[in-house]
Amino acid sequence: MSEGSATKTGPADTAAAPAQASGVTVRHYCQGIGDCHLLTFKKADGEPFRMLIDCGIHVSIAGGPALVADIVADLKKETGGKIDILVVTHEHWDHVSGFLTAQDLFKDFVVADVWMAWTENSADAEAAELDKFKGQAIAALQGVGQKLDGMQGLSSYMAGVRDGLQSVLGFQFGAAGERVRSARDAAARLSQKPSPTYFEPGGPPVTIDALPNLRVYVLGPPRDKAALRLEEKASEMFPLASGGPFALALVSGLKMNEAADAGYVDELSPFERNVGTPLSAALKGDKGSDPAIDVGAYVRKHYSGPVSAAASMEDRDQSWRRIDADWMGIAADLALQLDRGVNNTSLVLAFEFINSGRVLLFPGDAQIGNWLSWKDLSWPVGQGTVTSADLLARTVYLKVAHHGSQNATPEKQGFDLLTSADLSAFIPTNKVDAVKVHWGEMPYDGILTALEAKTKGRVIRADDPWLADKDGKPAFAAPSGSIQAVRSAPRDAARGLGGLWVELDLA
């Protein structure tokens with residue numbers, strides 16, 4: 001942790017904390033594919049202590065900036081514009097976009113401190129190494145995306161790659177092309193301190209002077225590069241040093257294919273540049289240099305397809321023969337590395353109430369590598385030791401990671417360790433929006449089933465229909481488990497815009 005924080009670290013006292021309400025109120029905003037959570041604790045003097053975790057929405061969501069503006073306006077009304085700690089979990093647009101798109105609203109906020117992971121610290125050598133990979137990968141994917149957008153008659157596979165790239169790049173860029181970095185930096189500038197406070201796992205839990213009944217454990221992101229890998233295979237590890245062979249191959253290929261110099265000689269090409277008809281021209285219908293030969297018709301019939309319905313069945317669609325875009329297929333692998341790798345850099349916080357031992361877990365968008373890195377963590381507390389397994393066993397409230405995606409919560413090192421009978425959960429997800437951007441099962445049915453069983457039905461989703469009704473109620477009764485009360489507010493019930501927020505009093 002960097003110096004100059006409003007918090008302090010040190011061995012926590014095992015004695016009972018001063019008499020204080022052990023609860024917290026959590027207001028989840030319901031933008032769906034995006035995170036924004038307001039935690040309100042009570043200080044010893046009874047005054048509220050506000051912690052805001054993220055504020056963003058995915059670029060694909062129609063009307064996203066307007067929705068975020070509504071959220072920030074509500075935050076201002078609820079808090080009076082005073083935030084004690086702003087937590088930025090990681091550098092993805094759906095977690096930080098609001099700090100840029102709604103910066104005119106945020107400029108009047110007073111933010112005492114900003115917390116970020118060590119991976120966002122430009123002065124950290126390992127963070128700079130990771131950032132180099134991210135920069136090269138983004139540049140390569142952006143180039144491939146632009147090239148695929150301009151190509152006609154793509155095969156179904158390459159069309160899928162194109163759509164997938166658009167989705168992944170939506171985490172990196174806003175609608176006006178802004179880089180996510182500018183949004184993250186806008187959040188950092190809100191702090192009254194010269195720079196954010198950076199955290200990593202290890203050392204004593206964090207304590208906050210104004211909240212003597214609270215300890216905060218930092219579980220992720222890990223320092224171990226192997227824990228940032230995307231799969232169990234060594235070949236899928238984050239290629240930190242060079243930017244990765246995929247990125248280098250794609251960048252080189254793009255440069256080769258986009259040479260504007262008329263005198264450029266491609267030494268690997270089997271033909272001179274003036275021989276033949278460029279494929280792009282043939283696909284547009286150009287006949288080529290010999291007017292007696294309709295090159296375009298030949299290409300459409302035997303190579304690109306589809307042709308008219310009057311053609312014979314075997315001639316109707318020959319696009320499966322195309323291989324001119326296949327070299328860009330590795331962009332799919334690189335996109336997965338970038339997306340999941342950045343998610344694995346999420347700042348993961350566990351909030352423990354000392355007098356009850358109960359824990360709230362906010363894992364950002366942590367994916368498998370981040371979760372698996374926790375299993376060997378331990379913290380000195382008084383004369384004893386607290387382990388990550390112990391924290392998970394005492395977790396009574398879970399903000400589900402990465403919108404409930406399949407690879408965001410492991411089974412053995414995740415769900416199996418969440419054993420509290422009072423467990424409740426919130427999923428920031430919108431299934432309709434996920435389908436629109438080709439994300440498949442998000443939330444994943446297996447995770448939903450496990451959560452329903454673990455929580456005895458105490459699961460709330462950002463797209464739950466009852467949130468659009470000012471008098472709506474969840475299917476479970478309250479109080480139940482860790483949930484003492486539930487309140488909600490629709491964004492605009494008359495227009496059926498869904499919920500703006502749902503608020504829970506947690507024991």
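Trainee: Where is Pro479?
Mentor: Pro479 sits in the loop between strand E16 (459-461) and strand E17 (483-490). Helices (H or I, at least four residues) and strands (E, at least two) are DSSP runs numbered from the N terminus. This is a predicted model, where local features need pLDDT of at least 70, side-chain atom pairs count only at pLDDT 80 or more, and totals for chains, interfaces and linings use all residues. Residues are numbered from 1 along each chain as its sequence is written, and side-chain values use heavy atoms, with hydrogens and water left out.

Trainee: Which residue is joined to Pro479 by a cis peptide bond?
Mentor: Ala478, with omega about 10 degrees. A cis bond also joins Gly220 and Pro221, and Pro221 is in the loop between strand E9 (211-220) and helix H8 (245-257). Most peptide bonds are trans.

Trainee: New topic. Is His403 buried or exposed?
Mentor: Buried, at a relative accessible area of 0%. Buried means under 20% relative accessible area, exposed over 50%, partly exposed in between (1.4 Å probe, protein chains only). His403 has a positive phi near 60 degrees.

Trainee: And helix H15, which residues are buried there?
Mentor: In H15 (residues 445-455) they are Ile447, Leu448, Leu451 and Thr455. They cover an arc of only 100 degrees around the axis, so they are on the same side of H15. The arc is that of the directions from the helix axis to the C-beta atoms.

Trainee: What is exposed on the other side of H15?
Mentor: Thr449 and Ala453. Just after H15, Lys456 takes a positive phi of about 55 degrees.

Definitions and conventions:
Contact = heavy atoms within 4.5 Å.
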